[in-house]
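Reader: I am new to this structure and would like to know what stands behind the words used for it. Could you take me through them?

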Amino acid sequence: KDNAVEYLGQRGFNETSTIPNGKYEPLALNQFKWDRVCPFYMQCLPENRGLLAQTPFIKDFMFVLQDRAFSIGPAYFSRLLDHFTINGDVVQTHVSSPRSTAYLASLFLTNARVRNFLAFGAGPRLEEYRDFMATLGVNNVRIYAENFTNLSLKSQLFERAVGIFATPPNSYSGVTDPIDLICSRGGDLTMLEVLTESEVSDSGKKRVAEVLTEQKETLRLSLFRPQIQFVLYETHSVVSSENEDMLMRAVEDVNRAAQQKHYQVMRDIARQEALSAAQEGFESNLVISFLLARAK
C-alpha cells in the first residue's frame, strides 16, 4: 500500500480525504481512495486512463486494472470461511475473468482456513490463464480446463470442498462498459458481439438458452454436493431469470429432491423393519412347533 501511494503521489495523484462520518469525499480528477469493501482495491480517477494503463505501475502488474463489479464477489466470498468458521477447499466453478480469479487467490493468501483453491472452466485457454497467474505471482490456485458441470458429484476433486463460488456464464446485461468486461476476461473480443447485438437472432436465442441451462446445472451441482457448507452465486446480469428466479428454482429443486430421497429412505427402513418383524415371527413359530413336536 505504501509503495502504491508513494508511486501515485510521484505522478500527481492524491488520496482523497475522509469526511466526519468516516466516508471518503467523492473522487475528483487525479485522486484515489482505498475501497472499504474490497481489500487491496484502489479506486482512482485519472485524467488520462489510457496513459495510466501504459505506465510501469500497470504494465509491471504492481496493480491490475479491474472493474469493481468483478471484485465485489471475490471480496465477499473470501470472508465466508471466517464467517462460518470452517476450513477446507474452496471452488470457483468458472474462470469467467482471470483477473477476478487472481484477485480472489490473492485474498486467500492470508487466510489459513483455505486448504486449496480450485478453479474450473478454463477450457482451451488453460495455459494462457496459468501463464497469466504466473506472471502475477499467483501460485495458490489450481486451474482446470474441465467444465464444472461435466464433473461427477462423486469426483475426488471435491472431497474436501466446503465452499463454492458459482460464477457461470451470464448475459452481462448489467455491464455498463464493454471494454472493461473484455479486459477483465483477458481480451475476449467475442463478448463485444454479444453485448452490442441489436436484434435477437436465432443464434442469440440459442446462446441465451445455453446460458440459462449452464446456470441451472451449476447451481444444482453446487447445492447437491452434501459436504458443501455455502454457495455464493454471482452474475453480472439485471435479468431476474438469471438471478432471483434462477436461485428460487434451484433451491426448490434441491429441496424437492431431498424430500423425495428422505421419503424413499424412510420407506426402505419401514420395509426392512417389516421384513425383520416377519422373519422374527416366522422363526418364533418354528421354535414353538419344534417344542410341541418334542412334547408329543
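Author: Gladly! Let us start with a term: a nonpolar core is a set of buried Ala, Val, Leu, Ile, Met, Phe, Trp, Tyr and Cys residues joined through side-chain atoms within 4.5 Å. Buried means under 20% relative accessible area, exposed over 50%, and partly exposed in between, with a 1.4 Å probe and protein chains only. This is a predicted model, where local features need pLDDT of at least 70, side-chain atom pairs count only at pLDDT 80 or more, and totals for chains, interfaces and linings use all residues. Residues are numbered from 1 along each chain as its sequence is written, and side-chain values use heavy atoms, with hydrogens and water left out.

Reader: What makes up the largest nonpolar core?

Author: That core has 23 residues, and Phe77, Leu81, Val90, Phe108, Phe117, Val141 and Ile143 have the most contacts inside it. Among the elements that give it two or more residues are α4 (69–84) and α5 (98–108); the largest share, 4 residues, comes from α5. Helices (H or I, at least four residues) and strands (E, at least two) are DSSP runs, numbered from the N terminus.

Reader: Which residues does Phe77 touch?

Author: Contact means heavy atoms within 4.5 Å. Leaving aside residues up to four places away in sequence, Phe77 touches Val90, Val91, Leu104, Phe108, Gly163, Ile164, Phe165, Phe230 and Leu232.

Reader: Why are β1 and β3 said to stand at the edges?

Author: Two strands pair if DSSP finds at least two bridges between them. The open sheet has 3 strands in the order β1-β2-β3, with mixed pairing. β1 (14–15) and β3 (42–45) each have a single partner strand, so one side of each lacks a neighbour in the sheet.

Reader: What makes β2 and β3 a pair?

Author: Strand β2 (residues 31–34) joins β3 over 4 bridges in the antiparallel sense, and the definition asks for at least two. One of the bridge partners in β3 is Cys44, which faces Phe32.

Reader: How many disulfides does the structure hold?

Author: A disulfide is a pair of cysteine sulfur atoms within 2.5 Å, and the structure holds 0.

Reader: How much of the chain is buried?

Author: Buried residues make up 37% of its 296 residues.
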